[in-house]
Amino acid sequence: MDKLFEVLVLLGSLSIFLFGLKTTSISLQKLAGRNIRNYLSKDSRSSLGAVAVGMLTSASIVSSASAVRLLVGFVNSGMLRAGNAMLMVIGANLGTILFIWLLAITGFLDGMQQYSLVLAAVALPLFLWKFLYKTQIAQLILGLSIVLIGFTGIVERLPMMDPLALEMAHRFGELSLLYLPGTAFAGLLLTILLQSAILTIALSMALASVGILPMNLAAAMVIGANLGDTFDTIKMMRRNGGQGRQIAAFHFLLNLTGFLVLMLVLPIVTEMIALILDLFMSDRRIAVYSAIHVATFHSIFNTSVCLLALGFLPLIAQLLARLLPAGEQQAPEDSIDFGEADFLSTAEIALEEARFEIQQYAKLVRKMFGNVMTLIFENSSISSGKLLRKIREREALTDQLEQNITKYLATINRTELSARSSNEVRSLFSMVDDLERMADIIHRISFHTETMEAEGFSFPKELEQELLILYTNIQKVIGSMCVNLQNHEAETNIEQVYKIEDDINSLRKRLVEDHYKAQQAHKRLGGKFDIIYLDYVNSAERIADLVVNVNEGIVGIK
C-alpha cells in the first residue's frame, strides 16, 4: 500500500509539473500575443536575425514543436518564405535550452519547494490588482512556481522507489553502451506519450540526480526526447502540402541527424562534459552535478545540430524541394489547418491566423468587385462569359472560406479567452459575415449584367458615367478596407471612413432622386431595366455600409 501511495505521489508530481508547464506557456503566449506573429511573418534580412526570431518564439511558447507548427501554417498561408522559416526552425530548436537550464540551476537548490511558494506569493498582489497585463504576469510567475514545485516533488520521490530498481539501475550503468538505444527509444516513446520533450528531459535530469540513471543513459534519454518532439512534425508532413511540408520535414531531419550522430559519439561527449565540469564546478553534490551535466548535453545536442544545419542549409533546402515539391499553390481556404484550431495552447496566437485569413478573404472580395467593374464599364478583351464564370467561382470560394473561418473562430471561442480576445473573436465573426454579404451582393450584380447583355440593352452614357463615379468610390473604400485589415487598429482612421461613407450616401441619394425625376418626366429606361439600375445604385450603398462595419470591427467599435 505504501509503495502504491509513493507511485501516486510521483505521478501527482508529474501532473503538477505538466500543469505548470502549460500555465507558463499560456501566460507567455498571452503576453507575447500579436508580437509573435509579427516577428514570424517578417522576412529577416539576415540569417542570424531569423534564427533569433525562432529562438524568441520557441522560448515564448516553451515548445519547439509548437513553434514549428506556427511556421508551417505561416509558410502555407504565404506569410513567410520557406528559406527564412528553415532558419527559424533552427532557432526554435535552440530556444528550449533556456528552460532546461532554468530547471538545472533552480531545481536542486536547498529548500527550493519553499522558494517556489515564496515565488507564488509574489503573484498574489498582481492577481488582486485586476489589470490585464498584471494578471498575465501573475499567471506566468505562478506557472513557473508550479513547475518548480512539481519538479522538486519528482526529485524527492524518486529515491523512495523500490531498492531493487535502484540496484538494477546501477547494473545498467556497467552495461550502459548496450542499453543506449533502448533508453533513447524509451525517451522517444515517453515524449510522444506525454506530448512534452521538456518533461522527458526533466525526468532524465531527475533520474540522473538520484543515481537511478547513469549519465550515458540520461543523455540517451535526452536524444530520444528530442527526436520524439518531431512526432507532430511527422503528422504535419503527411497532412500538409506545399512548402509547409518542407518545413516540417526539415525539423524532422534536423533532430534525426542529431539523434544518429550523437548516438555514435555519446560516450565520448558525456566523458568530455564530465572532464569540463570537474574543472569548473565547485558544487560536487551528485544532484546538482548530474542536472548540470544533462543540461550541458542538451545544449550541445541542439547547438551542434543547428550549426551543422546552418552550414548545409542551401543543400538541404534544395534536397527537400526536390523530394517534396510544393506543387500547386494552395487555395486560400486551405492555408489554415482548420481542423486543428486548438493546436496552440492559447487563442491569442491562433487569432492571428484568423486575422490573416480574413485579410485574404477581403482581397478576394476586392477582386470580385474589380471583375464586376470590368464587366459593367469596360470593353475588356476577356469575354463576359469568362468574367461571369470567374465571379461565380470566387463567390463559391468565399462561401467555403466563410464556413472554414467561422468554424475556426468557433473552435477558438471554446478555449479560455481573455476579455480582450473574447471581444476580438466577436468582431472577427462580424467581419466574416459582412464580407460574405458583400460577396453575395457583388454576385447578384453580375446577374444583372448577364440579363442586360442577353437582351442587348445598355445604359445611356450619362447614367453609365454616374454609375462609374459611384462604383469607383466603392472600389476605393474596399481597397482602403483591405489596407486597414493589414494594419493595426491604431492606424485606421475611422472618422475618414465615415466621411467617405457620407459622400457615397449623398451621391447615391442624388442618383435615385434624379432617376425618379426622369421617371416622372416619362424618360424611363423601361420595365425591369429601371429596377436593375436602382439595384445597381442601392447595392453600392449597401456594400459601403458593410465596408464601414468591417472598419468598425478593426477598431473594436463593433
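**Buried cores and a surface patch**

Glutamate 552 lies in helix H22 of this predicted model. Its relative accessibility is 14%, and because buried residues are those under 20%, glutamate 552 counts as buried. The side chain of glutamate 552 makes a polar contact with the side chain of tyrosine 498, at 2.7 Å.

Helix H22 (528-555) is also among the elements that give two or more residues to the largest nonpolar core, which has 60 residues. The other such elements are helix H17 (347-377), helix H18 (384-413), helix H19 (419-454), helix H20 (461-486) and helix H21 (494-520). Of these, H17 supplies the largest share of the core, 14 residues. The residues with the most contacts inside the core are Leu435, Met438, Tyr471, Met481, Tyr536 and Ile543. When residues up to four places away in sequence are not counted, leucine 435 touches Ile358, Tyr361, Ala362, Val365, Met481 and Val550. A second, separate core contains 58 residues, including Ala202, Val222, Ile223 and Leu266. In soluble globular proteins, nonpolar side chains tend to be buried together.

Nonpolar residues also occur on the surface, where Val261, Leu264, Val265, Ile268 and Met272 form a patch. Together these five residues have about 490 Å² of accessible area. One of them, leucine 264, lies in helix H14, which spans residues 242-280. Leucine 264 counts as exposed because its relative accessibility is 73%, and exposed residues are those over 50%.

Key. Residues numbered from 1 in each chain as written. Predicted model: local features only at pLDDT ≥ 70, side-chain atom pairs only at ≥ 80, totals over all residues. Heavy atoms only, no water. Patch = residues over 30% accessible without salt bridge, like charges linked within 9 Å, V, L, I, M, F, W, Y side chains within 5 Å. Areas by Shrake-Rupley, 256 points an atom, 1.4 Å probe, with all protein chains shown as cover. Salt bridge = Lys/Arg side-chain N within 4 Å of Asp/Glu carboxyl O. Helix = DSSP H or I, 4+ residues; strand = E, 2+ residues; numbered from the N terminus. Buried < 20%, exposed > 50% of the residue type's maximum accessible area, 1.4 Å probe, protein only. Core = buried A, V, L, I, M, F, W, Y, C linked by side-chain atoms within 4.5 Å. Contact = heavy atoms within 4.5 Å. Polar contact = N/O pair within 3.5 Å; in protein donor to acceptor, adjacent residues only side chain to side chain.
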